[in-house]
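Here is a short report on one protein chain. Please read it alongside the sequence and the model.

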Amino acid sequence: MTETTAYTTLEASVYASKSLADCKVLVVDDEQSSCLLIATILSDIVQCDCLHDPKTVVAYCEQRAPDLIVLDINMPGINGIDLCQQLKNNRKTLACPIIFITGDGDAETQNKCWQAGASDYVRKPVVASTLVHRVKNLLQSKLRLDLLTELTFKDQLTTLYNRYYLFTEIPTQLKRLSREHKSLGVIMLDIDYFKGFNDRYGHVAGDKCLFDVGQALKAQLPGPLDSVVRYGGEEFAAFLSDMTKEDCRQVGQRMVEAVSNLTIENEASPLGMVTISAGFVVSPENNALTLEQLLSEADLYLYEAKLAGKGRLKGNGDHQDQAS
């Protein structure tokens, strides 16, 4: 896979996976008839799910991540305004646009909608064409933003996050975790004997190897807020939120094993296959270390893993060899 081919594949995959017809809209209304009406109006342009209990919405969205939510204001138990604020205060759902359905058109109600974080609102009785056009406009804006984010923050070859993402977004994540008194796990990973692999099999095979290894690493991430970055060349970095040293060690070990399990032949390696070495570090609870310090420390443990024979993991609080 060449860089140009990978770039085209990435751009095409973003458009394909985020087409309007594939977008998922969640309709939330305690009245089943109203929910069914909204879903019927929108079903020709998007995929719709309905929820009638507002208390289940946050958990549902954390698991299924809709592209847009259509939310009734007046519901028992928790009203739409309060629910919208909960969604906007949740890291996993804050970016999801929300349209309110309301029978109240007074200025006070409108202000509450905007203050809660709504993207738009539609008055009752609902005019089908108005709802459809507003949903379309919001989703098309979201698709364009998603595409821009992909092309800005993604490495063209591996489709993983790139160094721009690393030095733009990860410091913000580190600060947030520090405020919440949580740690950040950092794993530095490097493909062993990769220069020899390129010399033996050629750069096209080398590109494919980088892509396959990157996807294997990404598959081991334990949570939606965790990420893998192509750090440079054949080196990667993983960032794991709210990790203990043992948690981080286990994820790192799974990554080492996942690459070995690809069984990619490498005659340049004494092991006869592609392997990775890895070093990990977990920030202290007060997160006194900067991102650069965490990367540097994890890189030292990666160097230890290389010296110990490669194809293994080393890290703080883990002084045993973790041979693959």
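Contact here means heavy atoms within 4.5 Å. Leaving aside neighbours within four places in sequence, lysine 142 is in contact with Lys18, Asp67 and Pro97. This is a predicted model, where local features need pLDDT of at least 70, side-chain atom pairs count only at pLDDT 80 or more, and totals for chains, interfaces and linings use all residues. Residues are numbered from 1 along each chain as its sequence is written, and side-chain values use heavy atoms, with hydrogens and water left out.

**Overall picture**

The protein has 11 helices and 11 strands. Both are DSSP runs numbered from the N terminus (helices H or I, at least four residues; strands E, at least two). The C-alpha atoms fill a box of roughly 70 × 45 × 30 Å, taken along the principal axes. Of the 324 residues, 48% are buried. Buried means under 20% relative accessible area, exposed over 50%, and partly exposed in between (1.4 Å probe, protein chains only). The accessible surface comes to about 15500 Å², by the Shrake-Rupley method with a 1.4 Å probe, where for residues only the protein chains shown count as cover. Carbon and sulfur atoms hold 50% of that surface. Among contacts with a separation of 6 or more, 66% join residues 24 or more positions apart.

**Helix 7**

Helix 7 spans residues 163-179, 17 residues in total. From first C-alpha to last, helix 7 reaches 24 Å, close to the 24 Å expected at 1.5 Å a residue. That expected span is 1.5 Å times one less than the number of residues. A kink of about 30 degrees lies at glutamate 169, shortly before proline 171. The bend at a residue is the angle between axes fitted to the seven residues ending there and the seven starting there.

Asparagine 162 caps the N-terminal end of helix 7. Its side-chain oxygen lies 3.2 Å from the backbone nitrogen of tyrosine 164. At the other end, helix 7 is followed by histidine 181, whose phi is positive, near 55 degrees.

Which residues of helix 7 are buried? They are Tyr165, Leu166, Ile170, Gln173, Leu174, Arg176 and Leu177. These residues pack against helix 6 (128-153), strand 6 (184-191), strand 7 (227-232), strand 8 (235-241) and helix 11 (291-307).

**Aromatic pairs**

A pair of aromatic rings is described by the distance of the centres and the angle of the planes. Rings of Phe, Tyr and Trp (its six-membered ring) pair if their centres lie within 6.5 Å; planes under 30 degrees apart count as stacked, over 60 as edge-to-face and the rest as tilted. By this rule the protein has six aromatic pairs. Phenylalanine 153 and tyrosine 164 are stacked, because their ring centres are 5.6 Å apart and their planes at 25 degrees. This pair links distant parts of the chain: phenylalanine 153 is in helix 6 and tyrosine 164 in helix 7, 11 residues apart. Tyrosine 161 and tyrosine 165 are also stacked, with centres 3.7 Å apart and planes at 15 degrees. Ring pairs link Phe153, Tyr161, Tyr164 and Tyr165 into a cluster.

| Residue | Relative accessible area | Class |
|---|---|---|
| Phenylalanine 153 | 13% | buried |
| Tyrosine 161 | 26% | partly exposed |
| Tyrosine 165 | 13% | buried |

Lysine 142 is in helix 6. Is lysine 142 buried or exposed? Lysine 142 counts as buried, because its relative accessibility is 17%. Its side chain makes a polar contact with the side chain of aspartate 67, at 3.3 Å. A polar contact is a pair of N or O atoms within 3.5 Å; within protein, one must be able to donate a hydrogen and the other to accept it, and residues adjacent in sequence count only if both atoms are side-chain atoms.

Isoleucine 41 lies in helix 2 (residues 32-42). Its relative accessible area is 18%, so isoleucine 41 is buried. Beyond neighbours within four places in sequence, isoleucine 41 is in contact with Val126, Ala128, Leu131 and Val132.

**Backbone points**

A cis peptide bond joins lysine 124 and proline 125, with omega about -5 degrees. Proline 125 sits in the loop between strand 5 (120-123) and helix 6. Tyrosine 193 is not a glycine, yet its phi is positive, about 55 degrees. Tyrosine 193 lies in the loop between strand 6 and helix 8 (194-201).
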